[in-house]
Amino acid sequence: MGEKAIKVLRHLLPDKKHLQLENWLIDEAQATITLIIASVQTATKCPICASQTQRIHSRYERTLADLPWADYKITLQMCVRKFFCINVNCKRRIFTERLANVTAPWARRTLRLTQGFTATGLALGGAAGVRLSRRDGFTVSRNTLLRLVRRIPLTSVDSPQTLGVDDFAFRKSQTYGTILVDLEQSQPIALLKDRSAETLAQWLKAHPGIKVVSRDRAKA
């Protein structure tokens, strides 16, 4: 492979600053590309006490799934290191280096692939998201997509002036909740665990400033 092609492969790494391309393997039959890479961080911080260290304890391999390139699945085979913590008062003596721009600790996929799955789950939900992922060559479960969506931190919502209140079914004819909508923005802002007046009253007490409440005339 020519030098220009090597530069392209290096440019597509999830973290060009802290990762170095060592080798690559292409499997035409399986339509997969394996990139053999190594971390080149000169120092790292202990995740417990944040002390910076350069003392290497050992090396080990991590295998991560990454975003596809055209019709090829991408696997990153990374050589990463364990370090000694130099802080004698720290309870962690040995720790694995963190690659914050590449992956989460103990994860089996890159952050950018996880972000792609999260966007798919958020847009399509579980079942439809699985079908789209399979078309793109990924094996992912409905539960994984939904779990990633649930991990998205909720943004704070200002109290609306005009609030719409209605009930909805978690499970039809069995379990119901309450949906609250900012009618001026036409945007749902909260889901309550049930449709009792007490639960709604607690929410209203915690969100002062509402001037108008609109709801249907059902007895529930």
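The points below take up the domains, the contact between two of them, and then the strand pairing.

1. A word on the ground rules. This is a predicted model, so local features need pLDDT of at least 70 and side-chain atom pairs count only at pLDDT 80 or more, while totals for chains, interfaces and linings use all residues. Residues are numbered from 1 along each chain as its sequence is written, and side-chain values use heavy atoms, with hydrogens and water left out.

2. Domains. The protein chain is divided into domain 1 (1-101), domain 2 (110-153) and domain 3 (162-215); such bounds come from an automatic or database domain assignment. Between the C-alpha centres of domain 1 and domain 2 the distance is 24 Å.

3. The interface of domain 1 and domain 2. Twelve residues of domain 1 are in contact with six residues of domain 2, where contact means heavy atoms within 4.5 Å. About 770 Å² is buried between domain 1 and domain 2, and carbon and sulfur atoms give 61% of that area. Buried area here is the accessible area (1.4 Å probe) that two parts lose on being put together, summed over both.

4. Polar links across that interface. Five residue pairs are in polar contact between domain 1 and domain 2, both residues at pLDDT 80 or more. A polar contact is a pair of N or O atoms within 3.5 Å; within protein, one must be able to donate a hydrogen and the other to accept it, and residues adjacent in sequence count only if both atoms are side-chain atoms. On the domain 1 side, strand 5 (56-69) and strand 6 (72-84) each supply at least two of the touching residues, and strand 5 has the largest share, with five residues. That side of domain 1 divides into nine nonpolar, one polar and two charged residues. Strands (E, at least two residues) and helices (H or I, at least four) are DSSP runs, numbered from the N terminus.

5. The salt bridge. Which side chains meet in a salt bridge at 2.6 Å, N to O? They are those of aspartate 66 and arginine 112. The rule asks for a side-chain nitrogen of Lys or Arg within 4 Å of a carboxyl oxygen of Asp or Glu. The count between domain 1 and domain 2 is one salt bridge, and by this rule the count comes to four salt bridges. The pair links distant parts of the chain, with aspartate 66 in strand 5 and arginine 112 in helix 2 (residues 111-135), 46 residues apart.

6. Strand 6 and its partners. Two strands pair if DSSP finds at least two bridges between them. Strand 6 runs parallel to strand 2 (residues 32-39), joined by seven bridges, and isoleucine 37 stands opposite methionine 78. With strand 5, strand 6 runs antiparallel over eleven bridges; glutamate 61 has cysteine 79 as its bridge partner. The hairpin of strand 5 and strand 6 has two residues between the strands, and alanine 70 in the turn has a positive phi of about 55°. Strand 6 also pairs with strand 7 (residues 94-96) in the antiparallel sense over three bridges, with phenylalanine 95 as the partner of phenylalanine 83.

7. Eight bridges pair strand 8 (residues 162-171) with strand 9 (residues 175-182) in the antiparallel sense, and valine 165 has leucine 180 as its bridge partner. Their hairpin has three residues between the strands, and serine 173 takes a positive phi near 70°. Strand 9 and strand 10 (residues 187-192) run antiparallel, joined by five bridges, with leucine 191 as the bridge partner of isoleucine 179.

Methods: Ala, Val, Leu, Ile, Met, Phe, Trp, Tyr, Cys and Pro count as nonpolar, Asp, Glu, Lys and Arg as charged, and the others, Gly among them, as polar.
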